[in-house]
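Here is a short briefing on one structure. Keep the 3D view open and find each residue as you read.

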Amino acid sequence: MVRARPRGAIGGGAWHVRSAAAIRDRSAPLELLACLLAFASLPGNATANMFAFLPSITSHRLYVSGKDGLRTSTLKTESARLQTRVGCRSRPATLRMVAAEKKVPVNLYKPNDPLIGTCIYNKKIVGDDAPGDTCHVIIHHDGKLPYLEGQSVGIIPEGTDEKGRPHKLRLYSIASTAAGDFGDYKTLSLVVKRLVYTNEKGEEVRGVCSNYLNDIKPGTPVKMTGPVGKEMLMPDDPNATIIMLATGTGIAPFRAFMRKAFVEKHADYQFKGKMILYLGVPTSSSLLYRDELEEMKANAPDQVELHYAISREMKNKQGGKYYLQDAMAERGEEIWQLLQKDNTYVYMCGLKGMDSGIDAFMKDLAAKDGVDWATFKKQLKQQHRYNVEVY
Ligand code: FAD
Ligand code: NAP
């Protein structure tokens, strides 16, 4: 097995990588260390595609010093360069037992005995003009927290509440596949929106855990519980049509689904069906994971459909905010026909309230064919073809 090393004699020249943001940022040494640690711990077969798993990092400019002097590069090109130098081959990843046998791991860690992982990456992934911060956080669990795509993890924030008791856990949907962003089954990723609101006294209140995660520095230990959740697991059928409905950070499980289908290579799983994503966000600067979603679409145009509903920039037919149910309504007949096929699966994740908006729109469509939507939806749910996790 070939192991890449963070520093030293790969191809004979000393080298280092550093992102432009990391150079400006005081957390740079930790961030750099974390990236290098993650890199060093990878098995050879995962190394080749490691950076391809992480487009939010790959777009950063790097300063690379080697025998050939200082030059700029990107992690993607750097990864390709290292791949050639160390002779890694891109072999298909194999799912670990837990995923392959579809055993659903649940509550391996409880609040009184949490797993302590380490944050290895944290980056804001929305524009500065987006309403609110949202970050992509990667936590290293050293392979001790196996999970399936669509599950959630509990995070226990540092510190105590106003009564001096340790904070309670908050749940977050896991945004990475079972293999994690680096393909080594040792990390999990979260997409977290910072909660800030003004209370009735006019005071600014900051949510405990979402702020803890948005501000966390690479290298910080993180208490985790879980994994939990069976509602949002991916269907086994590799020919399925999967309709994914997300508001904001509700994209998390769908990023995992799509990366498993279109980014990773598995000897025992090849997705041949279709994934249709409807994503609702307030502004175009808050479109989460846009680059990687677009890349997946470019690579599999017949299998990926992306529909964005940008509520504060687009208007619906009534002149109101354009929500994802408005985007769906434009292709309503097609969606209704798809739902008649027994290998179409619907998943909904994000804001409480989106489900009633979608019901209202589906009710009218079903009624045109003399079908009662509530009854039809109940049947779909019984068949695990209509899965809702909203909060
Ligand atoms: P807290 O300190 O817990 O404060 C939240 C409380 O503040 C609310 O209960 C409410 O009482 C109050 N509050 C909130 N907004 C207002 C307001 N506008 N006005 C008045 N009071 C208000 N979040 C993500 O960002 N990403 C995810 O992937 C994600 N996945 C989830 C998955 C599941 C299964 C569940 C149940 C939740 C998920 N959440 C996710 C939400 C997450 O668990 C937290 O609830 C969220 O991050 C806020 O936690 P906090 O500790 O920052 O806020
Ligand atoms: P956000 O950035 O605020 O985006 C949400 C988008 O949905 C906005 O465009 C919003 O429009 C729009 N919207 C508001 N009401 C809607 C409705 N009734 N129907 C359809 N669209 C609607 O999102 P966020 O802050 O990340 O919030 C996501 C929520 O999902 C959070 O509450 C989070 O806790 C939850 N979540 C749950 C899970 C889960 O249960 N597994 C996972 C992840 C996230 P306007 O703001 O312009 O009105």
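Start in the loop between β6 and β7, where Tyr 185 sits. The model is predicted. From this loop the briefing moves to other backbone features, then to the ligands, the core and the strands.

- Most residues other than glycine have a negative phi, and most peptide bonds are trans.
- Is Tyr 185 buried or exposed? Tyr 185 is buried, because 23 other C-beta atoms lie within 10 Å, and the cut-off for buried is 20 or more.
- His 384 also has a positive phi near 60°. His 384 lies in the loop between α13 (373-382) and β15 (386-390).
- His 384 is exposed, because it has 12 other C-beta atoms within 10 Å, and exposed means 12 or fewer.
- The peptide bond from Gly 226 to Pro 227 is cis, with omega near 0°. Pro 227 belongs to strand β10 (residues 221-228).

**Around ligand 1**

- Ligand 1 has 19 residues around it. Tyr 197, Gly 207, Cys 209, Ser 210 and Thr 249 come nearest.
- Which elements supply at least two residues each to this shell? They are β6 (170-173), β7 (187-193) and α7 (208-215).
- Domain 2 (97-228) and domain 3 (241-390) each give at least three residues to the shell around ligand 1.
- By class, this shell holds ten nonpolar, six polar and three charged residues.

**Around ligand 2**

- Ligand 2 is surrounded by 25 residues. The closest are Thr 247, Gly 248, Thr 249, Ser 311 and Gly 353.
- Two or more residues of this shell come from each of β12 (274-281), β14 (344-350), α12 (354-368) and β15.
- The shell around ligand 2 has ten nonpolar, eleven polar and four charged residues.

**The nonpolar core**

- In soluble globular proteins, nonpolar side chains tend to be buried together.
- The largest nonpolar core here has 73 residues. Val 137, Met 244 and Leu 245 touch the most other members.
- Where does this core lie? It lies between domain 2 (97-228) and domain 3 (241-390), because both give residues to it.
- Leu 245 shows some of the packing. Beyond its neighbours within four places in sequence, Leu 245 is in contact with Tyr 278, Leu 324, Tyr 347, Met 348, Met 354 and Ile 358.

**Helix α8**

- Helix α8 (residues 252-262) is mostly covered, with ten of its eleven residues buried.
- The buried residues include Phe 254, Phe 257 and Met 258. Charged ones are buried too, including Arg 255, Arg 259 and Lys 260.
- Among the elements that cover the buried residues of α8 are β6, β7, β11 (241-247), β12, α9 (290-299) and β14.

- Seven of the seven residues of β14 are buried, so β14 is largely enclosed by the rest of the structure.
- In a regular strand the side chains alternate between the two faces of the sheet.
- In β14, Thr 344, Val 346, Met 348 and Gly 350 point one way, and Tyr 345, Tyr 347 and Cys 349 point the other way.
- β14 pairs with β11 in the parallel sense over six bridges. One bridge joins Ala 246 to Cys 349 in β14.
- β14 also pairs with β15 in the parallel sense, over five bridges. Here Val 346 has Tyr 386 of β15 as its bridge partner.

Terms used: Residues numbered from 1 in each chain as written. Chains lettered and ligands numbered in written order. Predicted model: local features only at pLDDT ≥ 70, side-chain atom pairs only at ≥ 80, totals over all residues. Near = placed C-beta within 6 Å. Helix = DSSP H or I, 4+ residues; strand = E, 2+ residues; numbered from the N terminus. Domains from an automatic or database assignment. Core = buried A, V, L, I, M, F, W, Y, C linked by C-beta atoms within 7 Å. Contact = placed C-beta atoms within 7 Å. Pairing = 2+ DSSP bridges.
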